[in-house]
There are 2 protein chains.
Amino acid sequence: MAQDKNKQVSQITDMDVDFAQWYTDVCTKAELIGYTKTKGMFILRPYGYAIWENIQAYLDRRFKETGHTNVAMPMLIPESLLQKEKDHVEGFAPECAWVTCGGSEKLDERMCIRPTSETLFCDHWADIVHSWRDLPMLYNQWCSVLRWEKTTRPFLRHREFLWQEGHTLHATAEEAIEETERMHRIYAELCEDVLAMPVVMGMKTDKEKFAGAERTYTIECMMHDKKALQNGTSHYFGDGFARAFGISFADKSNKQATPFETSWGITTRTIGGVIMTHGDNRGLVLPPKVAPIQVIVIPVAQHKEGVIEANEAVVERLQKAGFRVKMDASDNSPGWKFAEYEMKGVPLRLELGPKDMEKNQCVLVRRDSGEKSFVSLDGVEDTVNKMLEDIHTGLYQRAKKNLEDNTYACATLAEVKEKMESQGGFAKTMWCGDQACELKMKEEAGVSSRCIPFEQERLGDVCACCGKPAKHMVYWGVAY
Amino acid sequence: MAQDKNKQVSQITDMDVDFAQWYTDVCTKAELIGYTKTKGMFILRPYGYAIWENIQAYLDRRFKETGHTNVAMPMLIPESLLQKEKDHVEGFAPECAWVTCGGSEKLDERMCIRPTSETLFCDHWADIVHSWRDLPMLYNQWCSVLRWEKTTRPFLRHREFLWQEGHTLHATAEEAIEETERMHRIYAELCEDVLAMPVVMGMKTDKEKFAGAERTYTIECMMHDKKALQNGTSHYFGDGFARAFGISFADKSNKQATPFETSWGITTRTIGGVIMTHGDNRGLVLPPKVAPIQVIVIPVAQHKEGVIEANEAVVERLQKAGFRVKMDASDNSPGWKFAEYEMKGVPLRLELGPKDMEKNQCVLVRRDSGEKSFVSLDGVEDTVNKMLEDIHTGLYQRAKKNLEDNTYACATLAEVKEKMESQGGFAKTMWCGDQACELKMKEEAGVSSRCIPFEQERLGDVCACCGKPAKHMVYWGVAY
């Protein structure tokens with residue numbers, strides 16, 4: 001059988017030898033990412049983009065169910081508009097890309113490509129919000145943003161990345177906080193229920209929160225190499241932006257009041273998280289709910305009479321049952337096909353040949369465990385459904401074990417340092433709340449605070465760093 | 001009953017008095033568009049964006065059914081890459097926005113924000129296309145692009161606009177032409193079947209075609225004011241781009257060959273077309289298939305017992321039947337509500353009060369004709385469905401009549417000029433194929449060639465302009 005020399009499935013680097021190189025190999029060999037002449041930017045190839053579309057479909061549904069509508073704001077922000085909120089501009093201006101010419105003319109005022117769009121939303125609300133009847137404003141935008149990063153990596157750090165940014169405005173602080181927490185939970189549910197990624201939910205310290213926010217809620221995931229990935233953040237701004245932009249409304253008693261704002265976003269880096277949570281030495285392993293192909297159907301001895309038709313019949317049945325199925329009847333060898341779809345992380349492979357036809361059966365091979373089953377074609381839809389569910393659960397449990405096995409309580413900075421060097425993962429310690437101790441942790445143990453988790457434990461009374469009375473328990477780790 | 005002073009439904013300009021002002025009034029009063037501090041760019045507000053989402057959903061399904069996959073390319077193009085195809089850069093460079101600084105550093109090479117992405121797709125294909133097995137490449141991208149226009153108008157001409165750009169690569173010219181025509185037909189079906197806009201399908205003259213294309217297929221629609229709107233174009237590039245970018249592949253006999261390219265796009269200006277085709281002096285009139293709200297339910301005497309519940313029950317039934325329904329139980333007056341949803345072009349209004357409840361009926365009012373019917377609640381789903389279909393057909397027929405009544409054959413340039421001044425619309429004439437005559441038509445009669453329609457008629461033997469032997473029949477008009 002002919003094989004395409006240019007589509008040879010090549011070996012990838014062993015993840016235990018060089019995790020970073022393994023990761024890059026998977027991104028390119030699974031055809032998720034393409035490099036371009038635009039430095040620091042990547043192409044999301046069809047297979048990578050399809051994963052994002054599945055994430056989008058889930059989130060867009062959840063956002064709409066919770067009353068949000070989509071909008072499109074301009075991609076350019078005049079410099080004077082970006083400067084309206086002091087903390088915000090300090091955080092973002094140093095990493096903006098600046099447009100200085102339009103056509104052949106130099107602009108009077110330069111504009112940045114949006115690094116995030118709080119300023120545009122606030123400026124719009126200042127125009128259209130007048131009365132308590134106009135509130136809440138529950139907006140979302142699917143778009144890309146630019147941040148001029150010095151070093152970049154596929155999915156994890158792009159100069160341009162795709163995301164959604166939700167922006168909302170509320171009559172009261174309570175409502176705004178409730179919204180911030182609601183969207184935080186939706187991100188956690190995306191991770192756990194859809195992506196099979198266990199999460200630690202909590203709040204960022206003041207040092208780590210978003211530029212201009214009063215509170216930043218975060219989701220922290222542990223990757224296979226035990227590093228942390230921040231995955232979706234939700235910010236409560238108080239009324240700071242609203243004051244800076246002059247947004248006010250007549251309340252029910254007809255007095256002018258200032259509203260409260262939130263924003264929340266999740267990006268394509270989530271796909272990097274999926275790769276580093278579930279992947280193995282044969283490539284990508286995709287959680288079934290976002291896999292662009294859930295079942296790859298491979299005819300065996302496809303030149304024999306009736307084989308293609310029998311395979312097509314199964315494809316049709318599975319599609320009808322709502323699965324994302326593809327048949328590969330190309331003249332590549334079965335061995336090539338097996339390796340190709342393993343590299344692409346397709347959760348289930350279905351093989352069907354003349355012998356199976358005689359027995360009214362097919363072969364199902366799980367990508368996660370490699371387990372092979374002979375199953376009856378009667379009710380194959382239910383069997384596939386059950387297996388995809390099992391794969392989801394199995395992936396989640398494996399990742400959960402990795403998180404639990406590599407999270408430990410430490411009483412002192414020295415202990416954090418020792419455990420980080422010997423094991424890696426998340427250290428939990430008590431903390432006084434002082435930024436000086438956070439900086440010291442970074443300097444001496446190489447870790448940053450990941451979050452103040454909602455699930456607090458009283459590990460002791462004093463800060464692991466300075467010995468003063470402790471305020472919170474904090475998670476520490478090395479982050480992507 | 002209380003009314004929101006700031007949401008008063010205001011009078012709009014009479015469309016027969018000042019069509020341009022009427023158009024702008026509708027865009028703002030129906031809350032489709034917002035103005036911003038970024039000059040020449042607009043906000044697509046939730047109601048405007050929801051129309052785009054419905055157009056997207058239709059097209060995305062059609063694109064996927066015809067084998068296309070979505071991708072995301074970078075938004076920035078280095079100047080040297082844009083310059084690779086000569087005609088293309090000449091067409092686009094003068095209207096690009098240029099990024100010259102990233103963070104605090106001046107870039108070595110400036111980059112433009114994509115005005116269109118042929119150069120990025122071609123550069124990527126040069127990397128990944130090697131064999132006939134890799135073809136065809138059937139890609140699409142949903143994104144926004146920038147063109148530094150001097151004058152802008154909502155939807156019709158933005159410096160930034162949302163669109164989709166399809167880019168495909170094929171082994172043979174025949175296949176590429178077939179693809180170009182397939183996508184052209186899909187745009188026509190969007191217009192006719194979904195947006196109720198009759199179209200003239202044809203080919204652009206050399207003067208009017210896309211920079212770098214061998215052929216541009218276009219769809220031309222006639223607006224209520226008899227001007228033309230170009231609405232979706234599909235380009236066949238031959239192998240020009242592929243040669244410029246060094247894309248080649250090993251064909252089945254293992255010889256190196258050059259592939260053939262297409263691109264095709266439709267933008268948010270289509271929404272401008274919908275407004276100007278169907279709108280009236282009470283505001284927007286939306287074709288049911290893209291209306292964000294298809295049925296607005298307005299409880300009558302809503303404070304009376306059981307009224308809200310009865311209305312909610314109808315909403316639930318209609319939602320279950322798959323309609324996009326909203327109930328407005330706010331304390332605004334019924335008169336305010338009627339005007340508000342008329343302004344927003346909602347196809348059907350359903351009223352239900354205590355008297356209707358007694359008779360097991362409701363009132364349905366059509367936005368297009370104002371016709372009011374009392375209909376039984378039994379089978380209200382079918383009645384609504386039938387009425388929405390009738391509205392679609394009615395809108396289409398009215399627009400078709402406008403197109404037919406204002407399209408006429410002319411034998412001479414003088415006749416074109418006279419008819420254009422007295423009536424406006426589309427003139428069809430024979431044409432020699434010479435650009436000089438096209439320029440003369442523009443100069444003397446103020447019209448541009450809209451297209452060489454597929455449905456050719458032999459109106460005479462000679463060019464209406466120069467009297468030399470005619471090659472084609474051409475449509476002429478004043479375009480947006």
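**Exercise 1.** Which residues does His167(B) touch, not counting residues up to four places away in sequence?

*Solution.* The model is a predicted one, and the search begins by locating the residue: His167(B) lies in strand β8 of chain B, which covers residues 160–170. Next comes the list of contacts, where, once residues up to four places away in sequence are set aside, His167(B) touches Ser117(B), Glu118(B), Phe121(B), Trp125(B), Met137(B), Leu138(B), Tyr139(B), Glu261(B), Thr262(B), Ser263(B) and Trp264(B). The side chain of His167(B) also makes a polar contact, at 2.8 Å, with the side chain of Glu165(B). Finally, the relative accessibility of His167(B) is 0%, so this residue counts as buried.

**Exercise 2.** Determine how many disulfides the whole structure holds, and explain the result for Cys432(A).

*Solution.* Searching the whole structure gives 0 disulfides over all chains. For Cys432(A), the closest cysteine sulfur is that of Cys437(A), and because the two sulfurs are 3.7 Å apart, they are too far from each other for a bond, the cut-off being 2.5 Å. Cys191(B) is likewise in no disulfide, with the sulfur of Cys221(B), the nearest one, 4.5 Å away. As for accessibility, Cys432(A) is buried at a relative accessible area of 9%, and Cys191(B) is buried at 0%.

**Exercise 3.** Identify the relation between chain A and chain B.

*Solution.* Chain A is superposed on chain B, with an RMSD of 0.0 Å, by a rotation of 180° with 0.0 Å of shift along its axis. This is therefore the relation of a two-fold axis. In chain A, the C-alpha nearest the axis belongs to Val99(A), at 2.1 Å from it. The same surface serves both copies, since 100% of the contact residues of chain A recur in chain B.

How values were computed
Residues numbered from 1 in each chain as written. Chains lettered and ligands numbered in written order. Predicted model: local features only at pLDDT ≥ 70, side-chain atom pairs only at ≥ 80, totals over all residues. Heavy atoms only, no water. Buried < 20%, exposed > 50% of the residue type's maximum accessible area, 1.4 Å probe, protein only. Least-squares fit on C-alpha atoms with pLDDT ≥ 70 in both. Contact = heavy atoms within 4.5 Å. Helix = DSSP H or I, 4+ residues; strand = E, 2+ residues; numbered from the N terminus. Polar contact = N/O pair within 3.5 Å; in protein donor to acceptor, adjacent residues only side chain to side chain.
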